[in-house]
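The sequence and the model are shown first, and the description follows.

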Amino acid sequence: MRVGFIGAGRMGAPMVRRLVDAGHQVRALGRDDEKRSAVAELGAEPVSSPREAVSEAEVVIVCVFTDDQVRDLCPDLIDEMPEGAVLVLHTTGSPRTVEVLAERGAARGIAVIDAPVSGGPHDIAAGTVTVFAGGDEGAVARAREVLTAYADPVLHVGPVGAGQRVKLVNNALFAAQIGAVAEGVRLGDRLGVDEATLLTALTHGSAASRALAGIAATGSADAFIARVGEFIGKDVAVVRRTVSELDSDLGRLENLLDAALK
């Protein structure tokens, strides 16, 4: 398929490589010579403007860092995309952002899918990152051929906006688990248990989780939080802003989210 790609950075670059390896024709945006060279090394066709990336695409993938970037970029992308194309948004953000974009797209025959991912660049490179897809069933089916180049599973979780809602719950729980482990480490310290010993032992017990495994591999809760703090902080901010927009709250998760950011 003809794929336009915006955001070939830390997460997007391995997506582009796997799309090319799967036989898709990929045009990826690079805003300067260095970034266009990096795109070419991935095997994609580098272009210098969003319009060039999307004008002939059957599927357009956006993998930028923030919801604000999606809101700034995507209305113009939709206006440049050919009728019948699908816009896939991997950025974690507000369900309302994708719902507004879907309304704009519908007027031009453009389907919009919110498709936030769970996992990191190594999962994408292995083809095993998880995608939570929200959108029309037919649109998700059309995009699936592209998404499965780097994602397994691709989970259709409901209409437009549902992917973001599932991802926000996922992120809240992951951050809360980090916070719970950090509090557990502090308890262990008060009980006189060495942190590294405790973390290794807990990975073999009923407390085991992906968050705990990541912390144990790093060697300490504080070191893990320092390493992933920028991403966790961004995700927690999105969760808090979104539940506020939806007139809801985080309940008892709130204190654990605070612990994950300390």
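## Salt bridges

D68 and R71 form a salt bridge in which the closest N and O atoms are 2.1 Å apart. The coordinates come from a predicted model. Both D68 and R71 belong to helix α4 (residues 67-80), where three residues, about one turn of the helix, separate them. D68 is partly exposed, having a relative accessible area of 45%, and R71 likewise counts as partly exposed, at 38% relative accessibility.

In total, the structure holds 13 salt bridges. Another of them joins R27 to E56, with 3.8 Å between the closest N and O atoms. This pair connects distant parts of the chain: R27 is in strand β2 (residues 25-29), whereas E56 is in the loop between α3 (50-54) and β4 (59-62), 29 residues apart. R27 counts as partly exposed at 24% relative accessibility, and E56 is partly exposed with a relative accessible area of 47%. R27 and E56 are also part of a network of salt bridges that includes E45.

A further salt bridge brings together the side chains of R240 and E254, at 2.5 Å from N to O. It too links distant parts of the chain, with R240 in helix α11 (residues 221-245) and E254 in helix α12 (residues 253-260), 14 residues apart. R240 counts as partly exposed at 25% relative accessibility, while E254 is partly exposed with a relative accessible area of 27%.

| Salt bridge | N to O distance | Relative accessible areas |
|---|---|---|
| D68 and R71 | 2.1 Å | D68 45%, R71 38% |
| R27 and E56 | 3.8 Å | R27 24%, E56 47% |
| R240 and E254 | 2.5 Å | R240 25%, E254 27% |

## Surroundings of R240

Which residues are in contact with R240, leaving aside its neighbours within four places in sequence? They are L250, E254, L257, D258 and L261. E254 in this group is the salt-bridge partner of R240. L250 is 10 residues away from R240 in sequence, and the C-alpha atoms of the two are 7.6 Å apart in space.

## Nonpolar cores and a surface patch

In soluble globular proteins, nonpolar side chains tend to be buried together. In this model the largest nonpolar core has 34 residues, of which F5, L19, I61, V88, I113 and Y150 touch the most other members. Helix α7 (residues 137-147) supplies the largest share of this core, namely five residues. Apart from this core lies another, of 24 residues, including A172, I225, V228 and V238.

L19 gives a detailed view of the packing in the largest core. Leaving aside neighbours within four places in sequence, L19 is in contact with V3, F5, H24, V26, I61, V146, A149 and Y150. Of these, F5, I61 and Y150 are, like L19, among the residues that touch the most other members of the core.

Nonpolar side chains also occur on the surface. L187, L191 and V193 form a nonpolar patch there, with about 270 Å² of accessible area together. L187 lies in helix α8 (residues 162-190). L187 does not count as buried because its relative accessible area is 42%, which makes it partly exposed.

## Annotated regions

UniProt, in an unreviewed entry, places the feature "domain: 6-phosphogluconate dehydrogenase NADP-binding" at residues 2-158. Over residues 2-158 the chain is 43% helix and 26% strand, and 26 Å separates the end C-alpha atoms.

The unreviewed UniProt entry also carries the annotation "domain: 3-hydroxyisobutyrate dehydrogenase-like NAD-binding", covering residues 161-215. This span is 78% helix and 0% strand, and its end C-alpha atoms lie 31 Å apart.

The annotation "active site" in the unreviewed UniProt entry covers K167. K167 is placed in helix α8. Is K167 buried or exposed? K167 is buried, because its relative accessible area is 6% and the cut-off for burial is under 20%. Not counting residues up to four places away in sequence, K167 touches T92, P116, V117 and F132.

Methods
Residues are numbered from 1 along each chain as its sequence is written. This is a predicted model: local features need pLDDT of at least 70, side-chain atom pairs count only at pLDDT 80 or more; totals for chains, interfaces and linings use all residues. Side-chain values use heavy atoms; hydrogens and water are left out. A nonpolar core is a set of buried Ala, Val, Leu, Ile, Met, Phe, Trp, Tyr and Cys residues joined through side-chain atoms within 4.5 Å. Buried means under 20% relative accessible area, exposed over 50%, partly exposed in between (1.4 Å probe, protein chains only). Helices (H or I, at least four residues) and strands (E, at least two) are DSSP runs, numbered from the N terminus. Contact means heavy atoms within 4.5 Å. Patches are made of residues with over 30% relative accessible area and no salt bridge: like charges are joined within 9 Å, nonpolar side chains (Val, Leu, Ile, Met, Phe, Trp, Tyr) within 5 Å. Accessible areas come from the Shrake-Rupley method with a 1.4 Å probe; for residues, only the protein chains shown count as cover. A salt bridge is a side-chain nitrogen of Lys or Arg within 4 Å of a carboxyl oxygen of Asp or Glu. UniProt positions are given in the numbering used here, feature names are shortened, and annotations may be inferred rather than shown by experiment.
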